[in-house]
Amino acid sequence: MEITVTVNGRTRTRDVEPRLLLVHLLRDELRLTGTHWGCDTSNCGACAVWLDGVPVKSCTVLAVMADGHEIRTVEGLEGPHGLDQIQISFVQCHGLQCGFCTPGMLMTARWLLDRVPDPTDEQIREAISGQTCRCTGYENIVRAIRHAAAAERDAAERGAR
Amino acid sequence: MQLPAHFEYQRARSVEHALALLSRHGPEARLIAGGHSLIPMMKLRLAQPELLIDINEVPELGGIEITEDEIRIGALVRHTQLLDCAEVGRSAPMLHDAERVIADPLVRNRGTVGGSVCQADPSEDLSGAFSALRAVADIAGPAGERTVPMRGFFHGPYQTAVGPDELLLRLRVPLPAPGLRTGSAYRKVSRRAGDWAVGAAGAAVTLAPDGTVAEVGIGLTALGAREFVATEAEDLLRGQRPTPEAIDAAGRAAAQHCEPVADQRGPVEYKRHLAGELTRRVLRDALARAGGR
Ligand SMILES: Cc1cc2nc3c(=O)[nH]c(=O)nc-3n(C[C@H](O)[C@H](O)[C@H](O)COP(=O)(O)OP(=O)(O)OC[C@H]3O[C@@H](n4cnc5c(N)ncnc54)[C@H](O)[C@@H]3O)c2cc1C
Ligand code: FES
Ligand code: FES
């Protein structure tokens with residue numbers, strides 16, 4: 001079946017089997033291997049990407065269901081002026097160890113900060129509760145998200161002045 | 001790597017189109033909404049439909065509408081949408097209590113209200129919540145539309161009143177007459193954040209002007225209650241003053257009349273204890289919200 005999906009702003013057309021999962025379309029067909037695949041049970045969240053602006057588990061979406069829709073992956077986080085603040089904060093706060101869970105964490109964190117610019121620790125933990133870090137680096141992941149939130153608020157204040 | 005078996009895929013443009021596809025392809029066709037129950041089941045080959053009919057782009061199935069006497073929730077409303085709707089939180093706080101403990105934000109961004117109740121998993125949180133609230137389901141089929149009360153919707157694990165050639169349009173939650181004090185609440189015990197319930201309960205209470213219980217709904221999830229409700233406990237409370245003793249008796253009745261099964265989440269005795277204790281707690285929460293205590 002021929003499908004057309006907009007991935008990080010670029011239109012991509014592929015002929016796929018209906019049973020192909022979105023995560024495999026991204027990784028195997030489009031070679032966007034930043035999105036990871038970590039389980040068969042919809043539990044780990046390593047595969048999180050944005051579908052029409054909200055993060056979902058791409059291992060539990062059929063590629064054909066994304067036909068005509070917009071996908072944003074970790075490769076689409078970086079802007080014209082460099083890394084997104086959330087990426088910078090993960091680096092600065094040691095928010096990753098092996099990095100396997102990181103793309104999913106980044107996509108969910110970006111969504112959280114767009115919705116809630118000043119989240120409490122509880123809101124941060126709730127936001128990433130569908131994602132597993134096998135290195136158990138949760139403390140630093142939460143710290144990184146808090147750091148990004150503060151940096152963005154500072155930048156917004158400077159901009160407003 | 002687990003992949004579903006081969007199947008065909010079609011996207012429905014309207015309710016009429018979905019129904020036509022269902023009748024044309026018979027029982028081997030299956031609707032897919034959020035896919036968060038169906039796709040995992042297809043990976044495990046617990047479901048092997050030959051045709052998937054995608055209803056995600058059927059406009060009639062979306063949206064939440066609140067009128068004077070009811071909340072109308074389209075079958076395709078995502079869990080996140082229900083949780084984000086402040087008016088739902090005010091009119092039926094139990095739905096927000098339940099949504100907050102369903103899975104995790106990513107699953108809630110995709111899974112739908114209609115898919116949840118049509119899945120009819122004994123652990124589905126919304127089944128207990130909508131049953132407690134005495135919601136009704138609007139179902140469309142080849143012969144037109146019909147309405148089935150939630151108490152009568154669940155025919156057993158994974159079985160509902162929705163026939164193979166039918167489709168759930170929306171759920172409607174009745175709202176008590178203005179002026180009556182009313183409150184509802186839901187609580188769940190699970191082993192870890194985002195997990196399915198060991199046991200859960202929801203209660204909706206409406207008080208008469210004299211302070212007695214005009215109507216009460218008690219839902220139990222994952223606890224082996226027939227149709228997800230504790231009718232014996234409801235009967236004990238209706239017409240009574242909601243004293244601590246009456247609440248205690250309702251909890252005992254809920255525990256006595258459910259039939260939980262032992263599994264990796266806990267033994268029967270523990271689940272029965274949960275049925276009683278959670279019933280008491282949600283009744284107290286619902287009464288507090290109704291301003292009755
Ligand atoms: C990791 C994980 C954890 C979860 N944890 C919980 C939890 O704690 N509590 C909980 O309650 N749920 C939980 N769920 C389930 C979640 O709520 C799902 O969203 C829900 O069960 C199914 O909704 P869906 O839209 O994805 O349905 P689908 O998977 O698309 O469909 C489910 C079934 O309903 C049928 N169907 C769907 N829509 C209609 C319709 N309009 N008319 C007729 N039939 C229809 C389909 O044919 C299918 O048989 C979890 C799911 C996952 C993946
Ligand atoms: S790969 Fe584990 S949730 Fe998607
Ligand atoms: S950094 Fe290794 S899994 Fe999270």
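In this predicted model, an oxygen atom of ligand 1 sits 3.4 Å from a polar backbone atom of Asp195(B). The side chain of Glu124(B) brings an N or O atom to 2.8 Å from an oxygen atom of ligand 1, and a nitrogen atom of the ligand is 2.8 Å from a backbone N or O atom of Leu168(B).

The surroundings of the ligand can be described residue by residue and element by element. Ligand 1 lies between chains A and B, with 30 residues around it. Those that come nearest are Leu31(B), His36(B), Ser37(B), Leu38(B) and Thr112(B). Sorted by class, the shell holds 13 nonpolar, 12 polar and five charged residues. Within chain B, at least two shell residues come from each of β2 (29–32), α7 (113–119) and β10 (167–174). Helix α7(B) gives the largest share, with four residues.

Turning to chain B as a whole, 11 helices and 13 strands are found. The C-alpha trace spans about 60 × 45 × 30 Å along its principal axes. The radius of gyration of chain B is 19 Å, which agrees with the value near 19 Å that a compact globule of 293 residues would have. Of these 293 residues, 58% are buried. According to an unreviewed UniProt entry, residues 2–178 of chain B carry the annotation "domain: FAD-binding PCMH-type".

The buried residues are Pro93(B), Met94(B), Leu95(B), His96(B), Asp97(B), Ala98(B) and Glu99(B). As a general point, an α-helix has 3.6 residues a turn, so residues three or four places apart point the same way.

Backbone geometry in the loops also deserves a look. Glu227(B) has a positive phi of about 55° although it is not a glycine. The residue belongs to the loop that runs between β13 (213–221) and α9 (231–237) of chain B. Glu227(B) is classed as partly exposed because its relative accessible area is 28%, a value between the cut-offs of 20% and 50%.

With a relative accessibility of 57%, Thr136(A) counts as exposed, since exposed means over 50%. Helix α4 of chain A, residues 121–127, contains Gln123(A). Gln123(A) has 34% relative accessibility and therefore counts as partly exposed. Between the C-alpha atoms of Gln123(A) and Tyr138(A) the separation is 14 Å, the two residues being 15 apart along the chain.

Technical notes. Residues are numbered from 1 along each chain as its sequence is written. Chains are lettered from A and ligands numbered from 1 in the order in which they are written. This is a predicted model: local features need pLDDT of at least 70, side-chain atom pairs count only at pLDDT 80 or more; totals for chains, interfaces and linings use all residues. Side-chain values use heavy atoms; hydrogens and water are left out. A residue is near a molecule or strand if one of its heavy atoms lies within 4 Å of it. A polar contact is a pair of N or O atoms within 3.5 Å; within protein, one must be able to donate a hydrogen and the other to accept it, and residues adjacent in sequence count only if both atoms are side-chain atoms. Ala, Val, Leu, Ile, Met, Phe, Trp, Tyr, Cys and Pro count as nonpolar, Asp, Glu, Lys and Arg as charged, and the others, Gly among them, as polar. UniProt positions are given in the numbering used here, feature names are shortened, and annotations may be inferred rather than shown by experiment. The radius of gyration is taken over C-alpha atoms; the globule rule is 2.2 Å times the number of residues to the power 0.38. Buried means under 20% relative accessible area, exposed over 50%, partly exposed in between (1.4 Å probe, protein chains only).
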